[in-house]
Amino acid sequence: MTTLSMLLMAVSVASIFAESSIYFREQFEDGDAWKSRWLESKHKSDYGNFVLTAGKFYGDVEKDKGLQTSQDARFYSASSRFESISNKDQPLVIQFTVKHEQNIDCGGGYIKLFPADLNQEEMHGESTYNIMFGPDICGPGTKKVHVIFNYRGNNHLINKDIRCKDDEYTHLYTLVVNPDNTYEVKIDNKKVESGSLEEDWDFLPPKKIKDPDAEKPDDWDEKEHIDDPEDKKPEDWDVAETIPDPDAKKPDDWDDEMDGEWEPPMVTNPDYKGEWKPKQIDNPAYKGKWVHPEIDNPDYTADPEIYQYASMGVIGLDLWQVKSGTIFDNFLITNDPKLAEQVGNETWGATTDPEKKMKDSQEEEERKKRDAEEINKKEEEEDEGEEHEETDSKHKDEL
Ligand SMILES: *[C@@H]1O[C@H](CO)[C@@H](O)[C@H](O)[C@H]1NC(C)=O
């Protein structure tokens, strides 16, 4: 084999492994047809309604259509199914856009990825999911991006604080989980957090623990400094803290019989030096701070497959919103981070600037309207003022 043909073979093998698949994509660009793909849970009877809209302002009235929460103070629960996948040996990318155009005070903006055996009609807040990902806002205290993984039956929250966007524009949220047990979170196609699954979640017990058999020896001296044994208190140290004022004089009109014996007022003694403390010197017996020796944790077993889910087949919006109006759009689940970035550019990236422009011009319009109303009101007030003056002068005439 020539070097060239070997190289070609290597390239084609690499491209087989890098073959990208789109497992799920939802753009909401075919009118009411989304209703056949998204199923509302029947677990409760009073879930809020999702409606299809691009909202009050947008970059493209068709492309920016998404599912909007439409009723305040409601739970929402809808989901969509795709062919069951596993992310074994390949990246998993979850991506979608969220727009809190209502200026949200409190409400979820995240998705949940469920195993394929989820009963969609029974989906609810306690349904077992694999991954929960996306923004969550409640008051000024909670403005974070959740990244929660179900690992061996328990949900684990990320140890890091990832801040979410809290403005009224559309933002792109992306989670990448890699088969080498690393992850990346992006907002608007920019990395905001990344690292190792093992380090940033408490999936596994710690690798090292304090040796339970080790104890600090009784004679371990942890005092860095001690009193200087050579230092002695000077003999003239102890004097009273206050003394009779030497400058005070008995008033001329003081009457010992009437006023009692005169005593000068007390003042602070200028010779008073406070409590005596010996000088501090380095402790010759100091051994340094005792460090508890660590041993390998017998309960720890490395898991090279933390990232892995055997089955994923439903994506759901299972949330609570106090103030409704959030629009979800551009859902994508793929094994190809580059493709997701490109799709992000072509969807969110293409409409983000026009969306801002539209909102700006709406605000400008409103400002103008307010200003015009303000002027109108002033003119009316002035007119009324003139009328009053006229009636006043009529009164005067009559008088
Ligand atoms: C996405 O857009 C950014 C900014 O324009 C660019 O740097 C990046 O290469 C694009 N990514 C892809 C995959 O097209």
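Tyrosine 129 is found in the loop between strand S8 and strand S9 (131-138), where helices (H or I, at least four residues) and strands (E, at least two) are DSSP runs numbered from the N terminus. This is a predicted model, in which local features need pLDDT of at least 70, side-chain atom pairs count only at pLDDT 80 or more, and totals for chains, interfaces and linings use all residues. Residues are numbered from 1 along each chain as its sequence is written.

**Tyrosine 129 and lysine 112**

- Tyrosine 129 counts as buried because it has 22 C-beta neighbours inside 10 Å; a residue is buried if 20 or more other C-beta atoms lie within 10 Å of its own, exposed if 12 or fewer, and partly exposed in between, with C-beta atoms placed from the backbone.
- Apart from neighbours within four places in sequence, tyrosine 129 is in contact with Lys112, Leu113, Phe114 and Asn150; contact requires C-beta atoms, placed from the backbone, to lie within 7 Å.
- Lysine 112 belongs to strand S8 (residues 111-114) and, with 27 C-beta neighbours inside 10 Å, is also buried.
- Beyond four places in sequence, the contacts of lysine 112 are Tyr129, Met132, Gly316 and Asp318.
- An unreviewed UniProt entry lists Tyr110, Lys112, Tyr129, Asp136 and Asp318 under "binding site"; UniProt positions follow the numbering used here, feature names are shortened, and annotations may be inferred rather than shown by experiment.

**A second set of listed positions**

- Under "binding site", the unreviewed UniProt entry also gives Gln27, Lys63, Lys65 and Asp329.
- These span 303 residues in sequence, yet no two of their C-alpha atoms are more than 9.2 Å apart, so they gather at one spot.
- Glutamine 27 occupies the loop between strand S1 (22-26) and helix H2 (34-37) and is partly exposed, with 17 other C-beta atoms within 10 Å.
- Lysine 65 sits in the loop between strand S3 (50-53) and strand S4 (66-69) and is buried, with 22 other C-beta atoms within 10 Å.
- Setting aside neighbours within four places in sequence, lysine 65 is in contact with Phe28, Glu29, Leu52, Thr53 and Ala54.

**Ligand surroundings**

- Asn189, Lys338, Glu341, Gln342, Asn345 and Gly349 surround the ligand, each with its C-beta atom, placed from the backbone, within 6 Å of it.
- Helix H5 (residues 337-346) gives the most to this shell, with four residues.

- Strand S10 (residues 142-151) and strand S11 (residues 154-157) pair in the antiparallel sense over four bridges; pairing requires at least two DSSP bridges between strands.
- Tyrosine 151 stands opposite asparagine 154 in S11.
- Two residues lie between the strands of this hairpin, and arginine 152 takes a positive phi near 50°.

Methods
Contact = placed C-beta atoms within 7 Å.
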